[in-house]
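Please look through the model shown below, and then read the short report that follows.

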Amino acid sequence: MVTYTLTSLVYNGQLSSTMLSILLVAVFLCCMRQTRTAMRHLFTFEIWGKVWLYSPHRVVWSCLKKALPPVLSRRVRSAVKMAGKMMLGRSTLKKYVRHKHSLKHNHQQHRSRHLNSTINLYRRMPLKTLSRLWGKFNQMELPIFLRKPLLGLYIWMFGCNLEEAEIEDLKLYRNLGEFFRRQLKPHVRPIDDSHVLTSPADGKILYYGQVKHGILEQVKGVTYSLRGFLGPQTWRMDNHAQDINQQSDEDYQRVLSLQPGNELHHVIIYLAPGDYHRFHSPATWTVEHRRHFPGELLSVNPGVARWVQGLFNFNERAVYTGRWEHGFFSMAAVGATNVGSIKIYCDEGLETNTRTKHPEHTYFDKKFPMPITIEKGDMFGEFNLGSTIVLIFEAPSGFKFKVHEGDKIKYGRPLGTTP
């Protein structure tokens, strides 16, 4: 079909030999589309996502769209898509399925099997080792003459606001790690005192809402388990924690013993590579317990969060639990690819992304001898690169969030308020 279409275009004088050569190159590049998409799923690092914007396929197709009339452009696009499907063998599925319903059912099963195998392959990748290597690279001292161009390129790619930084001279940052963990100027982010809960970090709201039946959503339609995320409730004062394997998700939430009339809420904030990488306390609360899950380091990019069910239960995370004025309060720093280093200022004993391998669902507890009181807006910790903060807290009925899904937010801005 592609050959017939191109031949007819040449015969009718609508396509020159030069344009035909360009189209053949475009067909070849488009046939690589599925391979490139799979690789993008496997290596979903934000930097490679930026590089992909300038791939040859996008450049060639952009030039073709400008050079060809709209009608001809649509015909060529249709022919290129058909060529890609034929070379990948997708069209041969129709030979083995008689009815449209059966085709759809088989395609869904094939897609599900392919997705599961891709996720398993992704989880088997040495992401922790790569993250340690990235951490060492971040700590390499850069020559002074390279600091401004390299850091300037990073600022341009990810839209960092250098005017907010306490140090604006790029030559004073000895390595990439120091720039990632840059401090902001005093009073550049005032803390909102009119709301009980403020944002702990700069980032994007992935999801927020009330926790129901012990299930949380990492993005709309993709869930993870509350008991899998927090683990056994050994932080409870009565020391009657139950085996979570014998609990349902609803029972786990019920055992949290919320105060009468209160509800459980959660909010997820994703820190992109260009964001300010330190995070602060969103409210005044006391930290009583820390649980460290030395899990995996999958990417927490929103695209991967929509792809991997239960992503936050797989990843390494440091979960701090305690109390605030309305009851239970939890703040978790979730690690990600290239974010092997999570530093908490009030917990110097925390070590993340170590070389020791642990079985799945392993965790390490630390109960603070004296509860640590942290005021709203106090610096709590820092990431080595962009990652995620998860807040799970108890609040009175009628608690209202002041944000929407997908909003960009700055630390200190209001997240929610009580009636």
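## Salt bridges around D347

In this predicted model, D347 forms a salt bridge with R290, and the closest N and O atoms of the two are 2.6 Å apart. The pair links distant parts of the chain, since D347 belongs to the loop between strand 10 and strand 11 (364-374) while R290 belongs to strand 7 (residues 285-293), 57 residues apart. Both D347 and R290 are buried.

D347 also forms a salt bridge with K366, where the closest N and O atoms are 2.9 Å apart. K366 lies in strand 11 and D347 in the loop between strand 10 and strand 11, so this pair ties together parts that are 19 residues apart in sequence. D347 has a relative accessible area of 2%, whereas K366 is partly exposed, with a value of 29%.

## Other salt bridges

The structure holds 13 salt bridges. One of them joins R227 to D249, with the closest N and O atoms 2.7 Å apart; R227 sits in helix 11 (residues 226-230) and D249 in helix 12 (residues 249-255). Elsewhere, E164, R189 and D202 are linked in a network of salt bridges.

Three strands form an open sheet in the order 6-12-10, with antiparallel pairing. Strand 6 (278-280) and strand 10 (342-344) are the edge strands, each pairing on one side only. Three bridges join strand 10 to strand 12 (residues 379-383), and the bridge partner of I342 in strand 12 is F383.

## The chain as a whole

The protein chain contains 14 helices and 16 strands, and buried residues make up 49% of its 419 residues.

Terms used:
Residues numbered from 1 in each chain as written. Predicted model: local features only at pLDDT ≥ 70, side-chain atom pairs only at ≥ 80, totals over all residues. Heavy atoms only, no water. Pairing = 2+ DSSP bridges. Helix = DSSP H or I, 4+ residues; strand = E, 2+ residues; numbered from the N terminus. Buried < 20%, exposed > 50% of the residue type's maximum accessible area, 1.4 Å probe, protein only. Salt bridge = Lys/Arg side-chain N within 4 Å of Asp/Glu carboxyl O.
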